[in-house]
Amino acid sequence: MPDRMSLAMIRSRLAFLGLGLLVSFLLYLLLPAIQQESSSISGELSPPKDSMDARVEARAAPPPPPPPPRSNVSLLTGKTAGDSPTFYIEAVPVNDAVGRKANRFDILLLHGQSFTSKTWQDLGTLTLLAEHGHRAVALDLPGYGMSLESKAKASDQGRLDYMLRIIETLGLKDPIVISPSMSGLFSLPLVLQHGEHLRGFIPIAPVGTKSYSAEQYQRVQTPTLIVYGERDTNLGTQSLENLRQIPKHTVAMLVDAKHACYLDQPRHFHQALIGFLNSLK
């Protein structure tokens, strides 16, 4: 009888021991999964420091942007009255303290067949000239841009009278005339007949140069900067051949540039332009 009871107790203890080993083994297998789930829940309830910092920074108001620099150039537009009303864009230098500065030179910019006054604005030439202390006025010639057609452009005398009237109306004092391509029809009569009233002349491969004689060119005493593109083998070389007969001339060839050379090489054009203006007294 005692032997049977001892055997039963031994079996019972072995069963408990086996159960304990089984539970321990199961806990050993499940413990990593429990830790991972606990860590995930903790991460959701307590976000990492970086995330909190990001949210705090997002709620903070950004600093205001710095104010834009004040421009020292004023751009104006207008239209002349009377015969041949002409649209123009004007750029003038401005002194923040006392208003308009004393202009160094008045500069009148004409344009070619396919262009308008806005070409000089888009190219930055008007602003550049004003930044260097000049008053710059770009026209829409009759029949171009925002200027209506006019019978004034039908003859050399009509175009000359038109230019003289524009200079007087806009109050340009001994202007420097910049004249590309087609606008030579307007500028050349002015330079050849009234050059003494111009401070300078900057022809850019203008048309019409072959209409005048060497003697007429040699009488011109206006300081002249002849500009043309290296690849302009038509009007560029033709105008150079004729205009270089003006006694007080210099030449600026823009490398690898075509007829509208100031558009192909604006930086080099502007350098030549400012250099020429700085050479005038």
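**Salt bridges in a predicted model**

K118 and D122 both lie in helix 3 (residues 117-123), four residues apart, or about one turn of the helix. Helices (H or I, at least four residues) and strands (E, at least two) are DSSP runs, numbered from the N terminus. The structure is a predicted model, in which local features need pLDDT of at least 70, side-chain atom pairs count only at pLDDT 80 or more, and totals for chains, interfaces and linings use all residues. Residues are numbered from 1 along each chain as its sequence is written, and side-chain values use heavy atoms, with hydrogens and water left out.

K118 forms a salt bridge with D122, and the closest N and O atoms are 2.9 Å apart. A salt bridge is a side-chain nitrogen of Lys or Arg within 4 Å of a carboxyl oxygen of Asp or Glu. K118 is partly exposed, at 45% relative accessibility. D122 is exposed, with a relative accessible area of 54%. Here buried means under 20% relative accessible area, exposed over 50%, and partly exposed in between (1.4 Å probe, protein chains only).

By this rule the count comes to eight salt bridges. One of them joins the side chains of E215 and R219, at 3.5 Å from N to O. Both E215 and R219 are exposed. Another salt bridge pairs R231 with D256, with the closest N and O atoms 3.4 Å apart. This pair links distant parts of the chain, 25 residues apart. R231 sits in the loop between strand 8 (224-229) and helix 8 (235-243). D256 sits in the loop between strand 9 (249-254) and helix 9 (261-264). R231 is partly exposed at 47% relative accessibility, and D256 is partly exposed at 45%. E90, D106 and R135 are linked in a network of salt bridges.

The protein has 10 helices and nine strands. Of its 281 residues, 40% count as buried. Contact means heavy atoms within 4.5 Å. Among contacts between residues at least 6 apart in sequence, 68% join residues at least 24 apart.

The mean pLDDT (the predictor's confidence in each residue, from 0 to 100) is 84, and 72% of the residues reach 70 or more. Over residues 37-60 the pLDDT is below 50. Beyond near neighbours in sequence, this stretch has two contacts in the model. Residues 96-101 also have pLDDT below 50, with eight contacts beyond near neighbours in sequence. Where pLDDT is low, the predicted coordinates should not be read in detail.
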